[in-house]
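Here is a briefing for a first look at this structure. Start with the view below, then read on by topic.

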Amino acid sequence: INSNPIPEKLVKNVPQGLLVYGMHIPQKEYLVYFLKQKSVFYEKATVALPVGAYTVQFTDPLNGKPIKTEKVNHKGGDATFSLPDFSDDLLLRLTKG
């Protein structure tokens, strides 16, 4: 698998106290890990994506269970996703196709 770290500016408007890490396979799949260092409010994530249809899945990384899944058709550029409530960490998986 030819994955790379996500670009620094892939996720925008990240508040202090929340770290963002991830990997991506360009034009195919994006895994974004939100790590809370302290109590912060972050209800929407803005992610720069290429045009395409995506499956968007939010998972609780502590227990591995999906929290929310949806499908979106994106025209390219910034895409905004409403985040589910999370108290610790959250994994966002965007799969194209």
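The notes below go from the whole chain down to single residues.

This is a predicted model, in which local features need pLDDT of at least 70, side-chain atom pairs count only at pLDDT 80 or more, and totals for chains, interfaces and linings use all residues. Residues are numbered from 1 along each chain as its sequence is written, and side-chain values use heavy atoms, with hydrogens and water left out.

The protein chain has 0 helices and 9 strands. Helices (H or I, at least four residues) and strands (E, at least two) are DSSP runs, numbered from the N terminus. The strands are arranged in an open sheet of 6 strands and an open sheet of 3 strands.

**Overall shape**

- From the N terminus on, the elements read β-β-β-β-β-β-β-β-β.
- The radius of gyration of the protein chain is 13 Å, which agrees with the value near 13 Å for a compact globule of 97 residues. This radius is taken over C-alpha atoms, and the globule rule is 2.2 Å times the number of residues to the power 0.38.
- Along the principal axes, the C-alpha atoms fill a box of roughly 35 × 25 × 25 Å.
- Of the 97 residues in the protein chain, 33% are buried. Buried means under 20% relative accessible area, exposed over 50%, and partly exposed in between (1.4 Å probe, protein chains only).
- Contact means heavy atoms within 4.5 Å. Among contacts between residues at least 6 apart in sequence, 56% join residues at least 24 apart.

**The sheet of 6 strands**

- The strand order is β1-β3-β4-β9-β6-β7, with antiparallel pairing. Two strands pair if DSSP finds at least two bridges between them.
- β1 (4-5) and β7 stand at the edges. Each has a single partner strand, so one side of each is left without a neighbour in the sheet.
- β6 (residues 52-60) and β7 (residues 65-74) run antiparallel and are joined by 9 bridges. Within this pair, G52 stands opposite H74.
- The hairpin of β6 and β7 has 4 residues between the strands. There, G64 takes a positive phi near 75°.
- β6 is also joined to β9 (residues 89-96), by 6 bridges in the antiparallel sense.
- Two bridge partners in β9 can be picked out: L92 for F58, and L94 for V56.
- In a regular strand, side chains alternate between the two faces of the sheet.

**The sheet of 3 strands**

- The order here is β2-β5-β8, and the pairing is antiparallel.
- The edge strands are β2 (11-12) and β8 (77-82), and each pairs on one side only.
- β5 (residues 44-49) and β8 share 6 bridges.

- E29 is found in strand β4 (residues 29-36).
- E29 counts as buried because its relative accessibility is 18%.
- The side chains of E29 and T95 are joined by a polar contact of 3.4 Å. A polar contact is a pair of N or O atoms within 3.5 Å; within protein, one must be able to donate a hydrogen and the other to accept it, and residues adjacent in sequence count only if both atoms are side-chain atoms.
- Leaving aside neighbours within four places in sequence, E29 is in contact with M23, H24, R93, L94 and T95.

**Aromatic rings**

- A search of the whole structure finds 1 aromatic pair. The rings of F34 and Y42 have their centres 5.9 Å apart and their planes at 55°, so the pair is tilted.
- Rings of Phe, Tyr and Trp (its six-membered ring) pair if their centres lie within 6.5 Å; planes under 30 degrees apart count as stacked, over 60 as edge-to-face and the rest as tilted.
- F34 is buried, at 0% relative accessibility. Y42 is buried too, at 9%.
- K36 lies over the face of F86, at 4.5 Å from the ring centre. A charge sits over a ring if NZ of Lys or CZ of Arg is within 6 Å of the ring centre and within 35 degrees of the ring normal.

**Positive phi in the loops**

- N13 has a phi near 60°, a positive value in a residue other than glycine. N13 lies in the loop between β2 and β3 (18-25), and is exposed, with a relative accessible area of 65%.
- Q27 has a positive phi near 70° and is also a residue other than glycine. Q27 lies in the loop between β3 and β4, and is partly exposed, with a relative accessible area of 47%.
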